[in-house]
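Student: I have not seen this structure before. Could we go through the terms used for it, one at a time?

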Amino acid sequence: MRLTSSGRHHAAFEFGDLRVVSLRDGYIDMSPTLLRDEHGCAFDVLPGAVPLVGGNLRLSVNAFFVTDGTRSVLVDTGASDAWHDPTMGLLHDALDEAGIDRAQITDVAITHRHVDHVSGLIAPDGSEAFAKLERVWIGAGDAPVFTGRLEPLRDRVVPVSEKAAINDWTTAVPAPGHTPGHTVYDITSGTGRLLVWGDTVHVPTLQFDRPNVAWEYDGDQPRARAARADLLEQLAQPRRFVAGAHLDSPGIARVAPAGDGYALEYLAPRIG
Ligand SMILES: [Zn+2]
């Protein structure tokens, strides 16, 4: 995996025959009181060196576009204007900066139903963000999110309830816990495998070192913990890479065992 270009809102990588582009939708500041210890309790004192900005955790919000030149898939879509927060909703700028024509995107894979992942399917003016959209994969447990503003897309939703190939090099793998339909996307190239894992980790400065630490919005914390442990173990193998929605942008890294947890090694300097 080799960095080929980057800017304020994107970083592009050569990954065997594939091009992987990290797209920065923005960031969101959230309270450290949302962190949970292994018993589900908030911390009185934050463990380790967790950096705060104005007393909050600053979470990057990333989406990822992967293409072989013919087939492409966009994993997650950012928040658009759904969070009413001007620090997010920059996906279109990121696509423009990376030279990706959103009017040509036919396939979107959603990791889960939360607004910072699914809302970018609709542009702030209410129109569909991807005019040629043909398919939206999402875990079956999260498919009911396609109501209200997202209702017009319902006829193109492909619910995923078990491991499923969505193209020659992408497999959808259910990883429930954060939400009932939380799904990760395993991308295989000639040179390795990239796991686009959605919200498996929210606070990278803490949860690799201590994978037992959970997040209040993990709907089922024990299940989210188990999924995180399983995926981290898989990632700590040669030629495996992770792409995380809330890892520091651009959010593509290697994972190695370290002590009782794991260490994270980013493949490119931080953007944004
Ligand atoms: Zn999220």
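Student: Why does the radius of gyration of the protein chain agree with a compact globule?

Tutor: The model is a predicted one. For 272 residues, a compact globule would have a radius of gyration near 19 Å; the protein chain has 17 Å, so the value agrees. Along the principal axes, the C-alpha atoms fill a box of roughly 50 × 40 × 35 Å.

Student: What makes a residue count as buried, and what percentage of the protein chain does?

Tutor: A residue is buried if 20 or more other C-beta atoms lie within 10 Å of its own. In the protein chain, 46% of the 272 residues count as buried.

Student: Which residues touch the most other members of the largest nonpolar core?

Tutor: Phe64 and Val196 do, in a core of 76 residues. Strand 5 (residues 57-67) gives the most to this core, with seven residues. Leaving out residues up to four places away in sequence, Val196 touches Phe64, Val75, Val184, Tyr185, Ile187 and Ala243.

Student: What makes strand 1 and strand 9 edge strands?

Tutor: The open sheet has eight strands in the order 1-2-3-5-6-7-8-9, with mixed pairing. Strand 1 (2-6) and strand 9 (157-160) each pair on one side only, and they are the edge strands.

Student: How do you know that strand 5 and strand 6 pair?

Tutor: Pairing needs at least two bridges. Strand 5 and strand 6 (residues 72-75) have four, in the antiparallel sense, so by that cut-off they pair. Val66 stands opposite Val73 in strand 6.

Methods:
Residues are numbered from 1 along each chain as its sequence is written. This is a predicted model: local features need pLDDT of at least 70, side-chain atom pairs count only at pLDDT 80 or more; totals for chains, interfaces and linings use all residues. The radius of gyration is taken over C-alpha atoms; the globule rule is 2.2 Å times the number of residues to the power 0.38. A residue is buried if 20 or more other C-beta atoms lie within 10 Å of its own, exposed if 12 or fewer, and partly exposed in between; C-beta atoms are placed from the backbone. A nonpolar core is a set of buried Ala, Val, Leu, Ile, Met, Phe, Trp, Tyr and Cys residues joined through C-beta atoms within 7 Å. Helices (H or I, at least four residues) and strands (E, at least two) are DSSP runs, numbered from the N terminus. Two residues are in contact if their C-beta atoms, placed from the backbone, lie within 7 Å.
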